[in-house]
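I opened the notebook to jot down what I looked up today.

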Amino acid sequence: MAGHEAQSSLLQPSLLQGFPDRAPVNGPPLAAENPVARVILESSLPHLDRPFDYSVPAELSEDASPGVRVKVKFNGQELNGYILERRADSDAAGPLSTLHKVVSPVAVLTPAVSELASTVAARYAGTLSDVLRTAIPPRVAKVEKELLAGELASGVAELKPLTDARAWANYSNGPSYLQHLAGGGSPKAVLTALQGFGPGGWPALVASAVATVRSSGRGAVVVVPDYRDLEQLENALAKVLPSSDIARLAADDGQTPRYRNFLRLLSGSAGVAVGTRSAAYAPVQDLGLVVCWDDGDDLHIEQRAPYAHTREVLLLRAEQANAACLMASHSRSTELQRLVEMQWAVPIEAPRTVARSIVPRVLNTADSFEQERDPLARIARLPGAAWRAAKEALERGPVLVQVARAGYAPSLVCETCRELARCNACQGPLAISSGTAIPACKWCSTPAPQWRCTHCNGTRLRKGATGVMRTAEELGRAFPGKAVVTSSGEHIKATVPDAPALVVATVGAEPIAPHGYAAALLLDGNSLLRRENLRAGEDTVRRWFNAAALVKPAREGGLVVITADDTAATGALLRWDAPGFASRELALRKELQLPPAVRVASVTGARADVAHFAEAFDTGASPGTKLRSAGPAPVQLFSGSQSPAAAAEAEVRTLYFIPYADAAETTRAMRALKAANAAKRTSGPVQLRLDGVDVL
């Protein structure tokens with residue numbers, strides 16, 4: 001009886017929720033060595049963001065190595081996970097549940113990537129599982145069979161001779177950076193590239209740096225914003241490296257090609273990873289260099305929790321692996337300027353005398369000289385100077401026209417009171433898709449043929465903004481007989497021929513002309529600068545530089561015409577001084593204690609839940625670490641017709657501004673509080689986001 005009672009006590013199920021179920025005493029025989037597997041579950045629940053111990057059956061011991069995918073029983077459910085390590089014992093109380101299944105014997109989670117993912121999760125107050133979801137692509141069984149059969153192993157690639165790197169000679173600190181790389185060093189640098197095409201363009205510069213680090217026997221990871229940049233970079237790398245040494249990682253390519261290239265990197269048959277966001281976690285062996293192109297692009301921000309930025313992931317990885325780092329762009333973000341001023345990275349930029357021979361001439365139609373020549377230039381969307389520049393340049397090659405918005409007329413206003421025209425059904429903005437189209441809502445697509453203004457009772461509409469299609473239509477009439485090409489929305493073109501044509505593109509969708517544009521017209525500058533966003537000026541200058549870098553040098557007749565009033569922003573382009581503008585912006589942010597001078601955390605959710613989180617966080621904060629905060633404030637502003645009940649249920653957001661000295665402790669506390677609230681269910685869920693660029 002006593003023995004039976006003792007056995008019953010061992011079989012007593014746990015009363016604690018969220019822990020593995022107890023295993024029967026008479027289970028399968030366990031592994032002879034290291035019979036405990038520490039597993040991280042694939043679960044985004046904050047309170048499950050920790051390893052759990054499972055016993056390893058003898059029959060699974062050979063395949064159950066660290067890094068493999070497994071299935072386990074957890075709280076009555078079957079969950080996926082990864083083995084982090086094998087151990088001789090466990091600190092858990094009582095018998096352990098056994099591993100249910102080894103999904104694959106391929107160890108896809110390397111120790112380096114596991115450490116990086118943990119660091120990223122801690123920095124962004126997220127869960128390790130969410131980061132691993134981005135870092136490791138979905139499994140494709142047939143590709144793993146190719147790996148196990150030896151079909152993916154191509155041996156060590158035979159590297160081509162180091163290519164001509166004379167383009168780097170145009171930049172201060174450029175040759176010494178390459179020399180340091182070739183010698184096996186790990187320099188950190190911020191490159192401000194001058195051109196976006198040809199042998200001196202940024203793809204050639206990055207390819208030279210990658211070839212240099214490969215000559216030292218080390219690997220490289222290069223991350224770009226989108227597929228157009230990826231194609232340019234691949235073409236440049238193909239000139240200096242064998243194709244078998246390059247592995248492309250992009251979600252748009254599909255699961256099978258992406259997983260095949262992932263396994264090629266994992267096995268060491270490829271030494272260079274190029275791709276979009278997830279490529280930052282590529283399992284490159286003996287990593288020697290990480291590169292990020294155009295870190296200011298929003299596409300570098302992961303769209304799922306914990307919303308990590310590629311730039312920060314690569315910076316953490318460079319520190320972890322003691323690898324070289326190259327942050328390159330045509331402009332310079334305030335985050336990179338902060339690294340330069342901290343002397344963490346050296347600036348690589350062209351001297352003013354050298355830059356003048358490479359960049360185009362820049363003309364601002366809003367300056368006093370042009371205003372005297374053309375008094376209507378301030379109100380005209382296409383001033384006379386811009387029209388003349390386009391007319392002359394069309395004799396020599398294509399002309400780029402950059403506009404702010406896609407569509408035809410993406411914004412309509414009342415002709416009488418100038419209030420934004422909104423849909424009567426959902427209060428969304430009205431727009432038209434062509435000159436003869438009926439106004440329709442951009443949110444619910446409801447047509448509004450009998451629209452009436454709720455402010456002044458007016459019935460006539462006018463365009464509040466002109467889109468790319470309307471601009472192309474107007475330019476086609478202004479330049480009869482000339483071809484007009486558009487690039488925007490879902491119809492973005494990667495390249496255009498060198499033949500004379502007007503290329504009308506939205507910001508960020510500018511195609512590449514192989515030998516450069518003859519001229520570029522940067523329209524709608526004031527609209528871009530007046531957006532309600534902390535980074536409106538910084539982002540506008542970045543987009544201007546990206547477009548201007550596609551134009552031929554001034555010595556070949558290249559001209560950029562800009563139409564904007566802001567003297568600081570336009571002055572940066574006129575002087576071709578992106579670092580100077582970034583320095584000025586950073587100084588202002590430091591004075592106002594705004595990012596990136598400080599870090600920012602946003603807590604979003606129902607008003608009661610945000611208040612509960614804020615109260616618990618303030619109560620548990622260490623003495624002397626009281627943070628500056630703003631809010632709670634509604635995420636969306638409602639009209640006066642909104643009911644009080646609906647307004648009370650609407651989402652609100654509170655912002656916390658965190659000094660870097662307190663960042664590690666603060667994010668740790670916020671992460672722990674979110675996990676505790678999820679486990680206790682004392683309040684509803686809130687979204688905790690660190691360094692979100694859209695919240696300001």
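This is a predicted model: local features need pLDDT of at least 70, side-chain atom pairs count only at pLDDT 80 or more; totals for chains, interfaces and linings use all residues.

Is R542 buried or exposed? I looked up R542 and found a relative accessible area of 6%. Buried means under 20%, so R542 counts as buried.

Next I checked where R542 sits. R542 is part of helix α16, which covers residues 536-548. Leaving out residues up to four places away in sequence, I noted that R542 touches D294, G296, D297 and S331.

Then I turned to a pair of helices. I found that the axes of α2 (residues 111-123) and α3 (residues 128-135) come within 8 Å and cross at roughly 125°. That angle makes α2 oblique to α3. The crossing of α2 past α3 is right-handed. On the α2 side, I listed V113, S114, A117, S118, V120 and A121 as making the contact; on the α3 side, I listed L128, V131, L132 and A135. Sorted by class, the contact has eight nonpolar residues, two polar ones and no charged ones.

The largest nonpolar core holds 73 residues, and Y177, L289 and L573 have the most contacts inside it. Helix α6 (residues 202-215) gives the most to this core, namely eight residues. I followed up on L573: setting aside neighbours within four places in sequence, L573 is in contact with V362, L522, W544, F545, A548, V560 and I562. I also noted a second, separate core of 67 residues, with Y82, V143, V284 and V313 among them.

Conventions:
Residues are numbered from 1 along each chain as its sequence is written. Side-chain values use heavy atoms; hydrogens and water are left out. Axes are lines fitted to C-alpha atoms, for helices over the stretch in contact, and angles run from 0 to 180 degrees between N-to-C directions. Helices (H or I, at least four residues) and strands (E, at least two) are DSSP runs, numbered from the N terminus. Angles under 35 degrees count as roughly parallel, over 145 as roughly antiparallel, 65 to 115 as roughly perpendicular and the rest as oblique. A crossing is left-handed if the near helix is turned anticlockwise from the far one by less than a right angle, and right-handed if clockwise. Contact means heavy atoms within 4.5 Å. Ala, Val, Leu, Ile, Met, Phe, Trp, Tyr, Cys and Pro count as nonpolar, Asp, Glu, Lys and Arg as charged, and the others, Gly among them, as polar. A nonpolar core is a set of buried Ala, Val, Leu, Ile, Met, Phe, Trp, Tyr and Cys residues joined through side-chain atoms within 4.5 Å. Buried means under 20% relative accessible area, exposed over 50%, partly exposed in between (1.4 Å probe, protein chains only).
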